Amino acid sequence: MPVPIPRQRAIPAVESGQAPAAPQDEPSKEVAPRKEATVDNNAATQLSLLVIEDDPGGSTVVPELLDSAGKPIRVRTARNLTEAERLLTDDVHCILLDLALPAPGRSDDDELAVLRHVLELAPRHAVLALTASGDAERGAEAVRVGAQDYLFRDELDGRLLSRAIRYAVERKRSDTAERRLAEGRVRAQENRRLERGLLPTPLLEGSSLRFAARYRPGRSRALLGGDFYDVVRTPDGTVHAMIGDVCGHGPDEAALGVELRIAWRALTLAGLCGDELLGTLQEVLEHERSDDEIFATLCTVDIAPDGRRAGLCLAGHPSPLVAVPGRPARLLPYDNNGPALGLLPGARWPRMQVELGAEWSLMLYTDGLIEGRVGEGRERLGQDGMVSMIRRQLSEGLRGEALLRAAVNEVRSLNGGELADDVAVLLLDRET
(Lines give C-alpha, C1' and ligand atoms only; values in the text may rest on other atoms or scores of the structure.)
Protein backbone atom coordinates (compact mmCIF):
# COMPACT_ATOMS: atom_id res chain seq x y z
CA MET A 1 0.00 0.00 0.00
CA PRO A 2 1.47 3.42 -0.89
CA VAL A 3 2.40 5.87 1.84
CA PRO A 4 -0.37 8.49 2.23
CA ILE A 5 0.63 12.09 1.48
CA PRO A 6 -0.97 14.60 3.84
CA ARG A 7 -1.22 17.42 1.26
CA GLN A 8 -3.46 15.29 -0.96
CA ARG A 9 -5.89 14.63 1.88
CA ALA A 10 -6.53 18.32 2.60
CA ILE A 11 -9.32 18.26 0.00
CA PRO A 12 -12.13 17.01 2.29
CA ALA A 13 -11.63 19.95 4.69
CA VAL A 14 -11.83 22.45 1.85
CA GLU A 15 -14.90 20.86 0.30
CA SER A 16 -16.74 20.78 3.60
CA GLY A 17 -16.12 24.48 4.24
CA GLN A 18 -14.51 23.78 7.60
CA ALA A 19 -11.07 24.98 6.52
CA PRO A 20 -11.12 27.24 3.45
CA ALA A 21 -7.70 28.15 2.17
CA ALA A 22 -6.70 31.78 2.55
CA PRO A 23 -6.53 33.67 -0.78
CA GLN A 24 -2.97 34.25 -1.89
CA ASP A 25 -3.61 37.17 -4.24
CA GLU A 26 -5.83 39.25 -1.96
CA PRO A 27 -4.07 40.22 1.28
CA SER A 28 -6.41 41.43 3.99
CA LYS A 29 -6.38 45.12 4.85
CA GLU A 30 -9.14 44.78 7.40
CA VAL A 31 -7.59 42.64 10.09
CA ALA A 32 -4.15 43.16 11.52
CA PRO A 33 -2.10 39.98 12.08
CA ARG A 34 -1.90 38.79 15.66
CA LYS A 35 0.52 36.35 17.21
CA GLU A 36 -1.00 33.05 18.27
CA ALA A 37 0.40 29.72 19.35
CA THR A 38 -0.37 28.10 16.00
CA VAL A 39 1.02 30.89 13.83
CA ASP A 40 4.76 30.65 13.34
CA ASN A 41 6.19 33.32 11.07
CA ASN A 42 9.72 33.02 12.43
CA ALA A 43 11.71 30.33 10.68
CA ALA A 44 14.08 30.16 13.63
CA THR A 45 11.30 29.05 16.00
CA GLN A 46 11.54 25.37 16.86
CA LEU A 47 8.36 23.40 16.15
CA SER A 48 6.82 21.50 19.03
CA LEU A 49 4.53 18.44 18.87
CA LEU A 50 2.22 17.04 21.55
CA VAL A 51 1.45 13.34 21.02
CA ILE A 52 -1.73 12.07 22.70
CA GLU A 53 -1.75 8.27 22.40
CA ASP A 54 -2.37 5.21 24.56
CA ASP A 55 1.28 4.17 24.45
CA PRO A 56 3.31 6.97 22.87
CA GLY A 57 6.53 5.66 24.40
CA GLY A 58 6.35 2.59 22.22
CA SER A 59 5.84 4.48 18.96
CA THR A 60 8.65 4.33 16.39
CA VAL A 61 7.66 7.54 14.63
CA VAL A 62 8.24 10.02 17.44
CA PRO A 63 12.07 10.15 17.36
CA GLU A 64 14.05 11.99 14.69
CA LEU A 65 11.39 14.46 13.56
CA LEU A 66 12.88 17.37 11.62
CA ASP A 67 11.46 20.70 10.48
CA SER A 68 12.00 22.23 7.03
CA ALA A 69 15.36 23.65 8.14
CA GLY A 70 16.55 20.27 9.37
CA LYS A 71 16.19 21.18 13.04
CA PRO A 72 14.68 18.67 15.50
CA ILE A 73 10.98 18.98 16.31
CA ARG A 74 10.40 18.94 20.05
CA VAL A 75 8.05 16.18 21.19
CA ARG A 76 5.90 15.90 24.30
CA THR A 77 3.81 12.83 25.08
CA ALA A 78 0.57 12.31 26.97
CA ARG A 79 -1.26 9.05 27.66
CA ASN A 80 -4.67 10.61 28.28
CA LEU A 81 -6.54 13.90 27.91
CA THR A 82 -5.97 14.93 31.51
CA GLU A 83 -2.23 14.72 31.06
CA ALA A 84 -2.50 16.39 27.65
CA GLU A 85 -4.30 19.39 29.11
CA ARG A 86 -1.42 19.93 31.51
CA LEU A 87 1.17 19.74 28.71
CA LEU A 88 -0.78 21.88 26.23
CA THR A 89 1.06 25.19 26.60
CA ASP A 90 1.32 28.06 24.12
CA ASP A 91 4.62 26.84 22.69
CA VAL A 92 2.96 23.67 21.31
CA HIS A 93 2.36 24.06 17.56
CA CYS A 94 0.72 20.77 16.63
CA ILE A 95 -1.15 17.87 18.27
CA LEU A 96 -0.99 14.28 17.07
CA LEU A 97 -4.16 12.66 18.42
CA ASP A 98 -5.04 8.97 18.56
CA LEU A 99 -8.75 8.80 17.65
CA ALA A 100 -9.06 5.52 19.59
CA LEU A 101 -8.67 7.31 22.92
CA PRO A 102 -11.81 7.60 25.04
CA ALA A 103 -13.24 11.07 25.72
CA PRO A 104 -14.50 11.80 29.24
CA GLY A 105 -18.22 12.43 29.50
CA ARG A 106 -18.87 11.79 25.79
CA SER A 107 -21.16 9.24 24.19
CA ASP A 108 -19.56 5.99 23.07
CA ASP A 109 -21.59 6.28 19.84
CA ASP A 110 -19.52 9.29 18.77
CA GLU A 111 -16.39 7.92 17.10
CA LEU A 112 -14.83 11.38 17.05
CA ALA A 113 -15.64 12.33 20.62
CA VAL A 114 -11.99 12.57 21.60
CA LEU A 115 -11.27 14.87 18.63
CA ARG A 116 -14.17 17.16 19.50
CA HIS A 117 -12.89 17.33 23.07
CA VAL A 118 -9.37 18.28 21.93
CA LEU A 119 -10.68 20.90 19.49
CA GLU A 120 -12.60 22.53 22.33
CA LEU A 121 -9.53 22.31 24.55
CA ALA A 122 -7.10 23.70 21.93
CA PRO A 123 -9.01 25.74 19.32
CA ARG A 124 -5.85 27.58 18.15
CA HIS A 125 -3.61 24.54 17.66
CA ALA A 126 -3.10 22.43 14.54
CA VAL A 127 -4.37 18.86 14.97
CA LEU A 128 -3.37 15.65 13.15
CA ALA A 129 -5.77 12.72 13.60
CA LEU A 130 -4.20 9.27 13.94
CA THR A 131 -6.38 6.33 12.93
CA ALA A 132 -6.12 2.68 11.95
CA SER A 133 -4.92 1.64 8.50
CA GLY A 134 -7.81 1.37 6.05
CA ASP A 135 -10.08 3.61 8.14
CA ALA A 136 -9.92 6.48 5.63
CA GLU A 137 -13.60 7.32 6.08
CA ARG A 138 -13.10 8.06 9.77
CA GLY A 139 -9.99 10.11 8.96
CA ALA A 140 -11.84 12.17 6.35
CA GLU A 141 -14.65 12.80 8.82
CA ALA A 142 -12.05 13.99 11.34
CA VAL A 143 -10.88 16.60 8.81
CA ARG A 144 -14.46 17.72 8.24
CA VAL A 145 -14.91 18.13 12.00
CA GLY A 146 -11.81 20.34 12.29
CA ALA A 147 -8.52 18.41 12.12
CA GLN A 148 -5.96 19.65 9.61
CA ASP A 149 -5.21 16.15 8.29
CA TYR A 150 -5.33 12.44 9.17
CA LEU A 151 -2.63 9.76 9.14
CA PHE A 152 -2.62 5.97 9.32
CA ARG A 153 -1.02 4.66 12.49
CA ASP A 154 0.88 1.72 10.96
CA GLU A 155 2.21 3.61 7.92
CA LEU A 156 4.02 6.42 9.70
CA ASP A 157 7.71 7.15 9.54
CA GLY A 158 9.75 10.11 10.71
CA ARG A 159 9.87 11.80 7.28
CA LEU A 160 6.13 11.53 6.70
CA LEU A 161 5.20 12.76 10.17
CA SER A 162 7.65 15.68 9.98
CA ARG A 163 6.12 16.79 6.71
CA ALA A 164 2.59 16.35 8.05
CA ILE A 165 3.37 18.48 11.10
CA ARG A 166 4.75 21.32 8.97
CA TYR A 167 1.77 21.14 6.65
CA ALA A 168 -0.75 21.07 9.51
CA VAL A 169 0.80 24.13 11.18
CA GLU A 170 0.73 26.09 7.92
CA ARG A 171 -2.82 24.92 7.18
CA LYS A 172 -3.99 26.07 10.61
CA ARG A 173 -2.29 29.40 10.00
CA SER A 174 -4.16 29.70 6.71
CA ASP A 175 -7.46 28.77 8.40
CA THR A 176 -6.87 31.38 11.10
CA ALA A 177 -6.03 34.09 8.58
CA GLU A 178 -9.16 33.31 6.56
CA ARG A 179 -11.32 33.38 9.68
CA ARG A 180 -9.94 36.77 10.66
CA LEU A 181 -10.51 38.04 7.15
CA ALA A 182 -14.14 36.93 7.32
CA GLU A 183 -14.56 38.51 10.75
CA GLY A 184 -13.05 41.74 9.43
CA ARG A 185 -15.53 41.78 6.55
CA VAL A 186 -18.42 41.28 8.95
CA ARG A 187 -17.18 44.13 11.14
CA ALA A 188 -16.85 46.36 8.08
CA GLN A 189 -20.43 45.54 7.06
CA GLU A 190 -21.68 46.28 10.56
CA ASN A 191 -19.73 49.52 10.54
CA ARG A 192 -21.36 50.62 7.28
CA ARG A 193 -24.85 49.77 8.53
CA LEU A 194 -24.31 51.66 11.77
CA GLU A 195 -22.81 54.60 9.91
CA ARG A 196 -25.91 54.94 7.78
CA GLY A 197 -28.00 55.00 10.95
CA LEU A 198 -25.81 57.28 13.06
CA LEU A 199 -24.62 59.70 10.38
CA PRO A 200 -27.50 60.24 7.95
CA THR A 201 -27.91 62.53 4.96
CA PRO A 202 -29.44 65.82 6.18
CA LEU A 203 -32.89 66.86 4.95
CA LEU A 204 -32.26 70.49 4.03
CA GLU A 205 -34.10 70.84 0.72
CA GLY A 206 -35.25 74.45 0.30
CA SER A 207 -32.84 75.85 2.91
CA SER A 208 -30.06 78.32 2.14
CA LEU A 209 -27.93 76.98 4.99
CA ARG A 210 -24.73 75.11 4.17
CA PHE A 211 -24.03 71.86 5.98
CA ALA A 212 -20.76 70.08 6.76
CA ALA A 213 -19.96 67.23 9.15
CA ARG A 214 -17.04 65.08 10.22
CA TYR A 215 -16.84 61.90 12.28
CA ARG A 216 -13.82 60.01 13.56
CA PRO A 217 -14.03 56.91 15.77
CA GLY A 218 -11.84 56.61 18.85
CA ARG A 219 -8.74 54.42 18.82
CA SER A 220 -8.80 50.60 18.88
CA ARG A 221 -12.41 50.28 17.78
CA ALA A 222 -13.62 48.62 14.62
CA LEU A 223 -17.17 49.83 15.10
CA LEU A 224 -18.59 53.28 15.41
CA GLY A 225 -19.34 54.45 18.91
CA GLY A 226 -22.44 56.09 20.34
CA ASP A 227 -22.06 59.56 18.72
CA PHE A 228 -24.87 60.58 16.37
CA TYR A 229 -26.28 63.66 14.66
CA ASP A 230 -29.03 64.78 12.28
CA VAL A 231 -30.37 67.88 10.52
CA VAL A 232 -33.87 68.32 9.04
CA ARG A 233 -35.97 71.18 7.70
CA THR A 234 -39.67 71.15 8.58
CA PRO A 235 -42.40 72.48 6.24
CA ASP A 236 -42.58 75.82 8.07
CA GLY A 237 -38.95 76.54 7.08
CA THR A 238 -37.40 75.88 10.50
CA VAL A 239 -34.08 74.02 10.39
CA HIS A 240 -33.59 71.59 13.27
CA ALA A 241 -30.11 70.27 14.14
CA MET A 242 -29.12 67.73 16.77
CA ILE A 243 -25.97 66.01 18.03
CA GLY A 244 -25.77 63.41 20.79
CA ASP A 245 -23.56 60.89 22.52
CA VAL A 246 -24.57 57.62 24.20
CA CYS A 247 -22.17 56.69 27.02
CA GLY A 248 -20.05 53.71 26.05
CA HIS A 249 -18.61 52.50 22.76
CA GLY A 250 -19.96 49.01 22.06
CA PRO A 251 -22.44 47.83 19.42
CA ASP A 252 -25.33 48.13 21.91
CA GLU A 253 -24.54 51.80 22.50
CA ALA A 254 -24.19 52.43 18.77
CA ALA A 255 -27.54 50.74 18.12
CA LEU A 256 -29.15 52.86 20.84
CA GLY A 257 -27.69 55.96 19.19
CA VAL A 258 -29.32 54.94 15.91
CA GLU A 259 -32.67 54.51 17.67
CA LEU A 260 -32.46 57.91 19.33
CA ARG A 261 -31.50 59.64 16.10
CA ILE A 262 -34.37 58.05 14.18
CA ALA A 263 -36.78 58.87 17.00
CA TRP A 264 -35.55 62.49 17.04
CA ARG A 265 -36.12 62.88 13.31
CA ALA A 266 -39.59 61.33 13.47
CA LEU A 267 -40.65 63.43 16.47
CA THR A 268 -39.23 66.61 14.95
CA LEU A 269 -41.04 66.09 11.66
CA ALA A 270 -44.19 65.43 13.72
CA GLY A 271 -43.86 68.93 15.23
CA LEU A 272 -42.31 68.32 18.66
CA CYS A 273 -39.44 70.45 19.94
CA GLY A 274 -37.77 71.59 23.13
CA ASP A 275 -38.73 70.04 26.44
CA GLU A 276 -41.55 67.92 24.98
CA LEU A 277 -39.20 66.39 22.41
CA LEU A 278 -36.43 65.63 24.91
CA GLY A 279 -38.87 64.15 27.41
CA THR A 280 -40.14 61.74 24.76
CA LEU A 281 -36.59 60.82 23.77
CA GLN A 282 -35.83 60.04 27.40
CA GLU A 283 -38.75 57.60 27.43
CA VAL A 284 -37.37 55.95 24.30
CA LEU A 285 -33.94 55.63 25.91
CA GLU A 286 -35.35 54.19 29.14
CA HIS A 287 -37.26 51.53 27.22
CA GLU A 288 -34.47 50.62 24.80
CA ARG A 289 -31.28 50.73 26.87
CA SER A 290 -29.73 47.45 27.99
CA ASP A 291 -28.67 48.78 31.40
CA ASP A 292 -30.14 51.34 33.78
CA GLU A 293 -26.73 53.03 34.02
CA ILE A 294 -26.70 54.00 30.33
CA PHE A 295 -27.46 57.63 29.52
CA ALA A 296 -27.11 59.99 26.56
CA THR A 297 -26.19 63.65 26.21
CA LEU A 298 -27.94 65.74 23.57
CA CYS A 299 -27.87 69.21 22.03
CA THR A 300 -30.76 70.42 19.87
CA VAL A 301 -31.03 73.66 17.93
CA ASP A 302 -34.05 74.93 15.99
CA ILE A 303 -33.20 77.80 13.64
CA ALA A 304 -36.05 80.14 12.72
CA PRO A 305 -37.09 80.38 9.06
CA ASP A 306 -35.50 83.84 8.79
CA GLY A 307 -32.21 82.34 10.03
CA ARG A 308 -31.53 85.15 12.50
CA ARG A 309 -32.38 83.42 15.80
CA ALA A 310 -32.57 79.93 17.26
CA GLY A 311 -33.87 77.91 20.17
CA LEU A 312 -31.30 75.86 22.11
CA CYS A 313 -31.81 72.87 24.42
CA LEU A 314 -28.93 71.12 26.20
CA ALA A 315 -29.23 67.76 27.94
CA GLY A 316 -25.87 67.38 29.67
CA HIS A 317 -24.12 68.26 26.40
CA PRO A 318 -21.44 70.88 25.59
CA SER A 319 -22.82 74.14 24.25
CA PRO A 320 -22.43 74.90 20.51
CA LEU A 321 -19.93 77.41 19.20
CA VAL A 322 -21.10 80.36 17.07
CA ALA A 323 -18.96 82.63 14.91
CA VAL A 324 -20.19 85.87 13.30
CA PRO A 325 -18.18 88.29 11.13
CA GLY A 326 -16.30 90.94 13.05
CA ARG A 327 -16.59 89.18 16.41
CA PRO A 328 -14.54 86.37 17.98
CA ALA A 329 -16.11 82.92 18.03
CA ARG A 330 -17.89 82.14 21.30
CA LEU A 331 -19.97 79.48 23.02
CA LEU A 332 -23.72 79.89 23.17
CA PRO A 333 -25.18 80.28 26.70
CA TYR A 334 -25.29 77.08 28.72
CA ASP A 335 -26.49 78.25 32.16
CA ASN A 336 -29.79 76.36 31.79
CA ASN A 337 -28.21 73.09 30.75
CA GLY A 338 -30.53 70.22 31.73
CA PRO A 339 -29.44 66.71 32.79
CA ALA A 340 -28.42 63.99 30.36
CA LEU A 341 -31.22 61.77 29.11
CA GLY A 342 -31.78 58.75 31.33
CA LEU A 343 -30.41 60.18 34.57
CA LEU A 344 -33.42 61.84 36.25
CA PRO A 345 -37.01 60.68 35.78
CA GLY A 346 -39.31 63.60 35.08
CA ALA A 347 -36.45 65.98 34.26
CA ARG A 348 -37.02 69.24 32.35
CA TRP A 349 -34.92 70.88 29.66
CA PRO A 350 -35.43 74.64 29.26
CA ARG A 351 -35.34 76.06 25.73
CA MET A 352 -33.17 79.17 25.45
CA GLN A 353 -33.68 81.75 22.72
CA VAL A 354 -30.43 83.01 21.16
CA GLU A 355 -29.78 85.70 18.56
CA LEU A 356 -27.57 84.67 15.66
CA GLY A 357 -27.67 87.66 13.31
CA ALA A 358 -27.65 87.87 9.55
CA GLU A 359 -24.46 85.88 8.88
CA TRP A 360 -23.00 83.18 11.11
CA SER A 361 -21.44 79.73 11.51
CA LEU A 362 -22.80 77.33 14.13
CA MET A 363 -20.74 74.32 15.22
CA LEU A 364 -22.18 71.39 17.23
CA TYR A 365 -19.78 68.74 18.55
CA THR A 366 -19.43 65.81 20.94
CA ASP A 367 -17.08 65.85 23.94
CA GLY A 368 -14.46 63.80 22.09
CA LEU A 369 -13.36 67.07 20.49
CA ILE A 370 -12.57 68.75 23.80
CA GLU A 371 -11.41 65.87 26.02
CA GLY A 372 -8.18 65.09 24.19
CA ARG A 373 -4.94 65.76 26.04
CA VAL A 374 -2.62 68.66 25.29
CA GLY A 375 0.93 67.33 25.14
CA GLU A 376 2.26 64.63 27.45
CA GLY A 377 0.70 65.90 30.67
CA ARG A 378 -2.81 65.50 32.04
CA GLU A 379 -4.12 68.81 30.74
CA ARG A 380 -7.17 68.57 28.48
CA LEU A 381 -7.97 70.85 25.56
CA GLY A 382 -11.34 71.76 27.08
CA GLN A 383 -13.91 74.17 25.67
CA ASP A 384 -11.71 77.23 26.16
CA GLY A 385 -8.87 75.60 24.24
CA MET A 386 -11.27 74.56 21.48
CA VAL A 387 -12.68 78.07 21.17
CA SER A 388 -9.18 79.54 20.87
CA MET A 389 -8.29 76.94 18.24
CA ILE A 390 -11.40 77.63 16.15
CA ARG A 391 -10.86 81.39 16.38
CA ARG A 392 -7.35 80.99 15.00
CA GLN A 393 -8.45 78.65 12.22
CA LEU A 394 -11.25 81.03 11.20
CA SER A 395 -8.75 83.89 11.09
CA GLU A 396 -6.72 81.78 8.68
CA GLY A 397 -9.68 81.68 6.33
CA LEU A 398 -10.83 78.10 6.98
CA ARG A 399 -14.54 77.41 6.47
CA GLY A 400 -16.90 74.44 6.06
CA GLU A 401 -15.35 71.02 5.54
CA ALA A 402 -11.82 72.48 5.64
CA LEU A 403 -12.46 73.99 9.07
CA LEU A 404 -13.79 70.73 10.52
CA ARG A 405 -10.96 68.70 9.02
CA ALA A 406 -8.34 71.07 10.41
CA ALA A 407 -10.00 71.11 13.85
CA VAL A 408 -10.13 67.31 14.19
CA ASN A 409 -6.58 66.88 12.88
CA GLU A 410 -5.19 69.48 15.27
CA VAL A 411 -6.97 67.91 18.25
CA ARG A 412 -5.43 64.56 17.32
CA SER A 413 -2.01 66.14 16.94
CA LEU A 414 -2.25 67.85 20.34
CA ASN A 415 -3.26 64.51 21.84
CA GLY A 416 -0.19 62.84 20.38
CA GLY A 417 -2.20 60.36 18.32
CA GLU A 418 -5.68 58.92 18.03
CA LEU A 419 -8.23 60.15 20.54
CA ALA A 420 -9.68 57.80 23.15
CA ASP A 421 -13.25 58.91 22.42
CA ASP A 422 -15.22 59.28 19.21
CA VAL A 423 -15.48 62.73 17.65
CA ALA A 424 -18.53 64.01 15.78
CA VAL A 425 -18.78 67.61 14.57
CA LEU A 426 -21.34 69.33 12.36
CA LEU A 427 -21.33 72.86 10.99
CA LEU A 428 -24.17 75.03 9.68
CA ASP A 429 -23.31 78.26 7.83
CA ARG A 430 -25.55 81.15 6.82
CA GLU A 431 -24.26 83.77 4.43
CA THR A 432 -26.11 86.84 3.16
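**View 1. Helix α9 of the predicted model, with its end-to-end span.** Helix α9, which runs over residues 400–415, has 16 residues and reaches 23 Å from its first C-alpha to its last, close to the 22 Å expected at 1.5 Å a residue. The structure shown here is a predicted model, and the values in these legends should be read with that in mind. Just after α9, glycine 416 takes a positive phi of about 80°.

**View 2. The buried residues of α9 and what covers them.** In α9, the buried residues are Gly400, Leu403, Leu404, Ala407, Val408, Val411 and Asn415. Because these residues cover an arc of only 125° around the axis, they are placed on the same side of α9. Their cover includes one helix, α8 (382–395), together with the strands β6 (210–216), β14 (360–365) and β15 (423–430).

**View 3. Helix α6 and its buried residues.** Helix α6, made up of residues 251–269, has 19 residues, and the reach from its first C-alpha to its last is 27 Å, close to the 27 Å expected at 1.5 Å a residue. Buried residues in α6 include the charged side chains of Glu253, Arg261 and Arg265, and Ala254, Leu256, Gly257, Val258, Leu260, Ala263, Trp264, Leu267 and Thr268 are buried in this helix as well. Just after α6, glycine 271 takes a positive phi of about 105°.

View 4. A search of the whole structure finds 1 cavity of 30 Å³ or more, and about 50 Å³ of space lies in the largest cavity. The lining of this cavity is formed by His240, Ala241, Trp264, Cys273, Gly274, Leu277, Thr300, Val301 and Asp302; of these, Trp264 is also listed among the buried residues of α6. At least two lining residues come from each of β8 (239–246), α7 (274–288) and β9 (296–303), and β9 gives the most, with 3 residues. Sorted by class, the lining has 5 nonpolar, 3 polar and 1 charged residues.

**View 5. The whole chain, as context for the close-ups.** The protein chain contains 9 helices and 15 strands, and buried residues make up 50% of its 432 residues. Among contacts in the chain between residues at least 6 apart in sequence, 69% join residues at least 24 apart.

Methods:
Residues are numbered from 1 along each chain as its sequence is written. This is a predicted model: local features need pLDDT of at least 70, side-chain atom pairs count only at pLDDT 80 or more; totals for chains, interfaces and linings use all residues. Side-chain values use heavy atoms; hydrogens and water are left out. On a 1 Å grid over the protein atoms alone, a cavity is a set of points where a 1.4 Å probe fits but cannot get out, and a pocket is an open set with protein on both sides within 12 Å along at least five of seven lines; lining residues have an atom within 4 Å of a point. Grid points are joined across faces, edges and corners, and a volume is the space filled by probe spheres set on the points. Helices (H or I, at least four residues) and strands (E, at least two) are DSSP runs, numbered from the N terminus. The expected span of a helix is 1.5 Å times one less than its number of residues. Buried means under 20% relative accessible area, exposed over 50%, partly exposed in between (1.4 Å probe, protein chains only). The arc is that of the directions from the helix axis to the C-beta atoms. Contact means heavy atoms within 4.5 Å.
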